[in-house]
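Please find below a few numbered points for a colleague who is opening this structure for the first time.

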Amino acid sequence: MLSTEQLMMGDGVGGPRYVQMQSEPPEPSRLSYSFREDNSHESTRIFDELPQATIIQVSRPDAGDISPMLLTYTIEVQYKQFKWQLVKKASHVFYLHFALKKRAFIEEIHEKQEQVKEWLQNLGIGDHTAVIQDEDEPDDEASPLRADPLRAEESAKSRDVPSSAALPIIRPTIGRQHSMSDRAKTAMQGYLNHFLGDIDFVNSQEVCRFLEVSRLSFSPEYGPKLKEDFIMVKHLPKIQDDDDIRKCCSCQWFGCCKDNWQKVWAVLKPGFLAFLKDPFDPEPLDIIVFDVLPASDGNGEGRVSLAKEIKDGNPLRHYFRVSCGTRCIKLRTKSNAKVKDWVAAINDAGLRPPEGWCHPHRFGSYAPPRGLTEDDSQAQWFVDGESAFEAIALAIEEAKSEIFICGWWVCPELYMRRPFHTNASFRLDALLEAKAKQGVQIYILLYKEVAIALKINSVYSKRKLVGIHENVRVLRYPDHFSSGVYLWSHHEKIVIVDHQICFLGGLDLCFGRYDSPEHKVGDCPPLIWPGKDYYNPRESEPNSWEDTMKDELDRKKYPRMPWHDVHCALWGPPCRDVARHFVQRWNYAKRNKAPHEQAIPLLMPQHHMVIPHYMGMNGERDNGSNGVARPHKSIKRHDSFSSRSSSQDIPLLMPQEAEGGESFKEELKINGFHTGHSFHDQRSRSSRIPFSFRKSRVEPLVPDLPMKGFVDELDQNLVQPGMKKLDKDWWEKQERGDQVVSPEENGQVGPRVSCRCQVIRSVSQWSAGTSQTEESIHNAYCSLIEKAEHFVYIENQFFISGLSGDDIIKNRVLEALYRRIMRAYNEKKSFRVIVVIPLLPGFQGGLDDNGAASVRAIMHWQYRTICRGSNSILHNLNDLMGSRMHDYISFYGLRAYGRLFDGGPIASSQIYVHSKIMIVDDHTALIGSGNINDRSLLGSRDSEDCDFVADWCTYRGQGVCRFIHGRQAKKGRKICIKSSPFAMV
């Protein structure tokens with residue numbers, strides 16, 4: 001098929017010599033149906049172009065042994081941007097060669113059988129099947145069953161695999177070792193060129209196994225190609241295949257093949273280890289997602305290893321163990337050398353920078369800091385549901401592959417855009433249905449509540465969502481009886497689209513959360529809030545959410561409760577880190593809830609592929625081992641900033657500079673994109689922002705959590721070298737093109753900017769199957785407060801924390817605030833803490849009602865934190881500084897009022913502060929779902945997800961955190977002026 005075979009021949013003078021194989025170019029038409037069984041569909045192919053292989057080294061175990069059978073070949077293979085090395089022995093090459101010979105022989109026999117059958121049918125002997133001639137059927141070359149007999153015989157002979165140059169047979173000769181290695185290298189290179197020169201040969205099962213590749217090898221979203229091979233597993237259910245009939249003859253007496261070990265194809269990637277049925281199967285049978293390992297194994301042997309060799313009493317069996325989270329899996333290979341290779345490769349993958357998923361990062365987080373280099377990390381904030389919901393809806397509309405949704409409460413009938421009667425297509429279930437019908441895979445993870453305690457009815461939500469389309473999969477977790485978890489919840493609010501953009505923060509996709517900056521208290525007749533979306537849990541909590549368009553409250557008597565919240569969007573590596581958290585939780589819930597349900601698949605986390613960028617510019621970079629760089633996908637946006645403002649809108653708690661007023665006047669102009677200054681002028685102003693984290697004089701509350709390289713000396717890194725090449729017109733064009741919301745949002749959306757950020761969370765064994773309890777949100781709160789220089793601004797649904805020595809409340813956010821205030825007081829420096837929380841907890845009932853125990857309990861613990869008793873912060877500050885404590889810390893709530901309908905009565909209601917944010921020095925923000933209480937911060941209770949953002953690239957001379965703080969302070973003051981502030985102390 002490929003060449004004329006020439007064996008080793010002696011020349012009669014110098015002993016044996018190696019004759020180079022003379023190859024002829026293969027005929028594509030004949031090769032194309034040599035391996036037709038495996039490659040009948042283009043989609044099943046692993047290679048879509050030819051790889052290149054080079055023999056880079058030939059070695060032998062013993063320099064004195066020149067037997068060619070003991071040679072080891074190091075082969076470097078290049079396919080597109082992927083490069084990997086194989087170490088093969090001569091035996092591996094012979095196995096490949098015999099497998100190819102076997103395949104060619106079987107195909108030739110099969111073809112002869114078809115020819116005989118066709119001859120018999122032509123002679124009228126045997127079963128005759130009528131053949132319908134069709135003008136569109138393939139030609140003879142593409143259809144081997146109708147091939148001409150003479151042509152078929154010729155092609156069968158041409159499909160033979162050459163045997164001449166697999167390995168030279170050289171007689172041991174002293175002093176010829178170097179010559180033998182060179183000749184063997186040349187021979188192997190020639191042999192590889194035979195089957196690497198044809199696309200069908202390359203995509204055969206035999207060659208793909210030899211090259212150690214699979215359907216997952218070259219998917220750039222999963223990272224660079226690492227180790228792959230067959231291994232034996234015992235923990236998987238029975239894999240149904242043809243091997244069931246290939247048992248040895250002694251099985252019926254000794255049962256030697258019934259030990260439950262099964263052969264699977266293992267694929268190692270930087271963030272996980274997947275098991276496939278075979279290299280051509282894209283769906284994993286199981287997946288181990290790497291996560292932070294314990295610091296010690298308890299035996300004094302240091303940090304626990306991800307993979308470890310196991311010694312067994314049977315010297316013929318070779319095992320190793322992979323331990324991650326709550327899982328510990330025993331694996332088997334054919335040799336001890338393979339065990340050592342696998343153990344080394346897995347441990348290296350788990351610690352490979354920059355992710356290094358198996359060791360904790362700053363704050364003890366599973367995710368590393370992002371944005372330290374130009375890695376396309378970007379962030380954007382949204383204030384209130386109007387802007388956030390529309391941004392989420394637009395992102396869902398742009399989905400091409402998959403959507404992840406994780407929520408404490410999800411209402412399928414939620415309108416993402418208002419007025420609702422003109423935006424029927426923007427209802428959540430309608431958006432998901434449209435994308436599911438286009439083939440987008442949708443995965444929704446709901447919190448399974450204790451029905452007697454909460455009325456969010458996740459059973460109804462799941463039933464409605466599953467009924468949308470077969471591409472919508474829903475899991476509710478946890479199962480309370482089996483897990484023993486009754487008190488804690490899954491509290492994240494996450495939406496991830498195509499691993500490109502994610503949204504997280506305080507907003508659930510449910511009723512009552514949609515609101516605008518006006519925070520209206522009435523809506524009669526209903527235009528904005530239909531049915532039960534007209535929501536006031538202080539007055540009445542619906543017993544059923546199924547009749548969603550039926551009002552729960554009398555709109556002419558009761559106001560709705562305005563809802564204030566903050567959400568954020570992330571792009572780039574931080575988005576993939578959030579998606580990894582979702583994948584961990586989904587896979588853990590699937591194993592516990594639906595381990596054998598085929599419709600609920602396991603998910604694989606995507607890897608951070610380095611993509612060059614600057615402020616949204618597309619491009620590609622050859623990143624070596626990181627595979628293929630893909631252009632950045634962004635969602636089309638519109639300008640949303642208002643130009644209405646004044647110098648009086650500067651927050652009073654802002655540290656002022658001589659040029660500070662001018663700086664903020666520029667902010668007012670840029671909202672409408674009117675400025676008289678060049679980009680370089682703005683850059684010079686931003687570089688003068690006075691900010692640096694200095695070491696606290698008091699002992700830290702948490703272990704050393706280094707900030708160096710992330711926020712230290714940040715003002716020197718705000719401007720990157722490539723920025724000088726950008727002019728003002730290009731910058732403004734990018735601003736207009738990158739906005740996610742409409743102009744009517746009236747300044748409730750921040751700029752999308754490059755930044756330094758890190759995903760932090762609260763998880764433990766019950767919530768995500770991790771071996772370690774992670775409380776990185778708690779650690780981040782304490783660390784950032786201690787390093788604050790000027791002020792801390794907090795908005796939160798709860799404020800329950802403890803001082804040092806408090807044995808009841810465990811989180812130490814309050815202790816961090818107390819120490820930072822005392823440091824400012826002792827140093828005689830200005831420092832301010834502003835805390836905004838709800839006036840009353842959002843539960844039904846008056847304070848004196850018998851059924852309002854929850855309301856009274858929350859208020860008790862909040863007052864205990866703030867002002868009542870020896871454990872409160874104001875009590876302790878008052879003992880040391882008296883009334884001056886109010887110069888350092890104050891607490892506020894928000895209220896709104898208005899008419900319930902035209903000509904109707906005026907009503908007032910608290911603005912329910914549900915946001916979970918902290919802003920430090922207008923330079924660092926923490927946005928997420930975590931409340932300030934033990935439930936959210938300790939890690940072992942509620943599961944939470946947050947994002948810690950520090951400015952890097954600035955927006956028109958102003959950082960993202962300054963924008964969000966300026967807007968919030970402005971909005972809060974307007975509300976307080978209209979309705980008079982309510983000070984809790």
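Predicted model: local features only at pLDDT ≥ 70, side-chain atom pairs only at ≥ 80, totals over all residues.

1. As for its setting, Asp 508 belongs to the loop between strand 20 (501-505) and strand 21 (563-564). Is Asp 508 buried or exposed? Its relative accessible area is 1%, and because buried means under 20%, Asp 508 counts as buried. Leaving aside residues up to four places away in sequence, Asp 508 touches Phe 389, Gly 407, Trp 408, Trp 409, Glu 492, Lys 493 and Arg 513.

2. Helix 9 (residues 385-397) packs with helix 10 (residues 428-437) at an angle of about 15°, the axes being 9 Å apart, which means that helix 9 is roughly parallel to helix 10. The crossing of helix 9 and helix 10 is left-handed. Ala 393, Ile 396 and Glu 397 of helix 9 meet Leu 428, Leu 431, Leu 432 and Lys 435 of helix 10, a contact with five nonpolar, no polar and two charged residues.

3. For helix 18 (residues 776-786) and helix 19 (residues 813-827), the axes come within 8 Å and cross at roughly 5°, so helix 18 and helix 19 are roughly parallel to each other. Here His 778, Tyr 781, Cys 782, Ile 785 and Glu 786 of helix 18 meet Val 813, Ala 816, Leu 817, Arg 820 and Arg 823 of helix 19, and by class this contact has six nonpolar, one polar and three charged residues.

Key
Residues numbered from 1 in each chain as written. Heavy atoms only, no water. Axes fitted to C-alpha atoms, helices over the stretch in contact; angles between N-to-C directions. Helix = DSSP H or I, 4+ residues; strand = E, 2+ residues; numbered from the N terminus. Parallel < 35°, antiparallel > 145°, perpendicular 65-115°, else oblique. Contact = heavy atoms within 4.5 Å. Nonpolar A, V, L, I, M, F, W, Y, C, P; charged D, E, K, R; others polar. Buried < 20%, exposed > 50% of the residue type's maximum accessible area, 1.4 Å probe, protein only. Left-handed = near helix turned anticlockwise from the far one by under 90°.
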